[in-house]
Amino acid sequence: MSTLVIVESPTKARTIRNFLPSSYRVEASMGHVRDLPRDASEIPAAVKAEKWSSLGVNVHANFEPLYVVSKDKKKLVKELKEALADADELLLATDEDREGESISWHLIQVLQPKVPIKRMVFHEITDEAIKAALGKCREVDQRLVRAQETRRILDRLVGYTLSPLLWKKIAPKLSAGRVQSVAVRVLVQRERERRAFRQGSYWDLKASLEKDKTAFAAKLVSLNGQRLATGSDFDENTGQVIEGRQVVLLNEAEATALRQRLDQKQWQVSGTEERPVTRKPAPPFITSTLQQEASRKLRLSARETMRIAQSLYEQGYITYMRTDSVHLSEQAIAAARASVETLYGTPYLSPEPRQFTTKSKGAQEAHEAIRPAGSPFRTPKETGLKALDLAIYEMIWKRTVATQMAEARQTFVTVQINVEDAGFRASGKRIDFPGFFRAYVEGSDDPDAALDDQEVILPDLKKGDRPTCKTLEAIGHETQPPARYTDASLVKTLESEGIGRPSTYASVIGTIIDRGYVQRQGNTSLVPTFTAFAVTALLEKYFPDLVDVGFTARMEQTLDDISRGEAEWLPYLQSFYLGDEGLEHQVKDREDGIDALEARTIELSGLEAKVRIGRFGPYVEAEREGTAVTASLPKDMTPADLNPDQVELILKQKIEGPEKVGFHPETGEPIYMMLGTTYGPYVQLGDAPQPGQKNPKRTSLPKGVKMEDVTLEMALALLALPRLLGTHPETERPVKVGLGRFGPYIVHDQGKDGQDFRSLKAEDSLFTVSLERALELLAIPKTGRGKRASAKQALRELGKHPEDGEPINIYDGPYGPYIKYGKINASLPEETTVENISLEEALKLVLEKAGTKKGGKKTAAKTTTKAATTKTKAKASATKTTRAKTTKKKAEASST
């Protein structure tokens, strides 16, 4: 008897084959085999004339979805049907969540099997788990299928109904989404808070004390019996102390005078307190907490984290990575406890097995938390994993093992010290027993180092003791605006508010970045753009429910209810879309009342000038001498940071031209301070070029340098970049320092071996770094994202190019997955996943990318297309000849 097993991806297929009998054939569906139409070209001719066809859902026929098999999936479907024809049984082994259930259901609808069908589920790919799953097969869960389908229809209705409205009123190519628009609003609200923020300042004193030759620090906390003001006492909207707060607010002069008054006075301990505290380990990872911790520890985006976790799962290293359950199986608990005893000893083992309870109502306890697969757990070293794969696995391993370790015991020590009428406080912390800290500390890569950092040891102090004051200094503080969201904090907020599902957060964040609503700042902060402000304002005014956190959370709860059979899907969709207050009615009723100019205008308090969204991005508009003047805003300018001074500078440059810093001492050319729309402020040597002339030398300002602080000396130093530091002693090749898009860097030109780059550290100066320091940085091995693509492990190997046999692979890049062929890198389209792209599609993308290159690349692209569709050796040979001629022409053109 032969059995056909279908999973989602080739990697998962390769892994699962190892645990199945030889009579089982495993194939990959490459994700969904069919879906709603992506564009008009996929809509069948039979329904193309119907008004609802553009939605892909017949809203007047019980919301019947229009499913189509896309062109790129037809060949795959044919192959699966052929495989099924030789099988006696069909086993659907897609993932155990709603999406996986839906994929299985669609496979049944498309393949129409005549043989028995079984649904096989497992949460880890190990020999034991697969064999157990074979004995516990079930039918496809129609409730999960219906819940997923309802979610898909709901998302389509929101996106395809609101997005055209945004195109008309604000700008083309914008999109709205059930979850993405709420996520954008969360970011915009934080940015509004930052704009409304007013900074407050306060001063205090810090003392360096000593007793028994042990130094410790103490901070001023009260004066004449009244508490000293701290940052939490300030109103963020006024920058003043909150009304009614009984606190002492010191300014610089008062703090300095107090320091002088207390100098050489006698210090005395007035009281001590010790407070023992025990800490329990955190629950094992679920999807959202894994994303948060990877963001904090590894600076990874949610999308990158999930891509790596999916790969680890499909290779059999971890359990299923899309889960909201913190439950651990008895097998996992036993494996974790065995690891603790072996690696840390019995004293570090918790007295009883520790189980965790999931608080989320929608969580599925049948799922497990994310943990190492199998039993016993493989230690990180035993896996053979490298780079980020290893880092993510190690995090999961440590967090899981820590759940079965003893509690950490700490003692917090507080000492009150008086000097005249001033009260100081010294705080210490002692770790009495590290417990689970020995394996895992949240937010830290190195538990041992974290333990050292956590301990603050004070000398033995008793009431009446008189420590010696070594130094006393006045320190000024300024309140800070609310922190911008990162992947970690946004995921945490979305989850706590019940917005969307944790398994979708990575794609939501990726989408709002790809759509231009958000840009990353410093690789971590998520900063909403002016477009995000305009879209959010429109939705808040005309469709408030769709961006309301509570409304969206209730939608999510209804979808969970549908998955459990506690709610009906059809009445809900009818009410949401076709009801008296349904979305269709709202859009029709309100569209004509939305003024496009008003929708494109962003109201920012404190600005007389208007900020609008134009065809080429945001711009500022103001009246000068009776004439309206417009100027584009720099790409990295954010709504929270735009102030009247910056507006004036932008408009001045537009009206009067750039500001002159000085003249080059050797050439006599003018040096200008410019403000660009793409990369912000920069210095330029020489005037703007005439037609046919080369562009003048330009260098961006380093991060943190303000335009008004640029001197002629600094401008000359910037224009001299990249600067030669010397030659590398091993290669005798040049080593230079330069400034790029991602900051200052060191580059070692290795000739034929390419260039080796390293970023400068925060303590290094772009203008004074030495060759010796550069060599130190170059000696540090690259990790993770710093390695060249050729040294990376491919996410997927698509095959070889039909012309030259060069490999075409998919790699993970900082901006998402991309196809690499030789020196050509082509990003994957948003609607395409790593699993479902074919070699033919990849060839097309590579050709399109090659066609955008300068000088003759289009000819080469056409030639390669011919090669890709040619099967005979003679034609392939002719194609190579054509490429050679093209290359020769390019060489001749470049020589002239």
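Begin by selecting R612 and E621, whose side chains meet in a salt bridge at 2.9 Å, N to O; a salt bridge here is a side-chain nitrogen of Lys or Arg within 4 Å of a carboxyl oxygen of Asp or Glu. R612 counts as buried at 8% relative accessibility, whereas E621 is partly exposed, with a relative accessible area of 21%. Buried means under 20% relative accessible area, exposed over 50%, and partly exposed in between, with a 1.4 Å probe and protein chains only.

Before the next stop, some conventions apply. This is a predicted model, in which local features need pLDDT of at least 70 and side-chain atom pairs count only at pLDDT 80 or more, while totals for chains, interfaces and linings use all residues. Residues are numbered from 1 along each chain as its sequence is written, and side-chain values use heavy atoms, with hydrogens and water left out.

Which parts of the chain does the pair link? R501 lies in the loop between α14 (487–497) and α15 (505–514), and D560 in helix α17 (residues 549–563), 59 residues apart. Helices (H or I, at least four residues) and strands (E, at least two) are DSSP runs, numbered from the N terminus. R501 is buried, with a relative accessible area of 12%, and D560 is also buried, at 3%.

Then move to R590 and E581, another salt-bridged pair, with an N to O distance of 3.9 Å. R590 is partly exposed at 23% relative accessibility, and E581 is exposed at 56%. The structure holds 53 salt bridges.

Select E478, which is placed in strand β13 (residues 468–478) and is partly exposed, with a relative accessible area of 49%. E478 and G200 are 278 residues apart in sequence, yet their C-alpha atoms are 5.7 Å apart in space.

**The cavity**

Select L649, K652, Q653, G657, P658, E659, M673 and M707, which line the largest cavity. A cavity is a set of points, on a 1 Å grid over the protein atoms alone, where a 1.4 Å probe fits but cannot get out; lining residues have an atom within 4 Å of a point. The volume of the largest cavity is about 80 Å³, a volume being the space filled by probe spheres set on the points. Helix α21 (residues 644–656) supplies the largest share of the lining, three residues.

**Confidence**

Finally, colour the chain by pLDDT, the predictor's confidence in each residue, from 0 to 100. The mean is 85, and 90% of the residues reach 70 or more. Over residues 784–791 the pLDDT is below 50, and this stretch has 13 contacts in the model beyond near neighbours in sequence. Residues 853–896 also stay under 50, with 33 contacts beyond four places in sequence. Where pLDDT is low, the predicted coordinates should not be read in detail.

Note on methods. Contact means heavy atoms within 4.5 Å. On a 1 Å grid over the protein atoms alone, a cavity is a set of points where a 1.4 Å probe fits but cannot get out, and a pocket is an open set with protein on both sides within 12 Å along at least five of seven lines; lining residues have an atom within 4 Å of a point.
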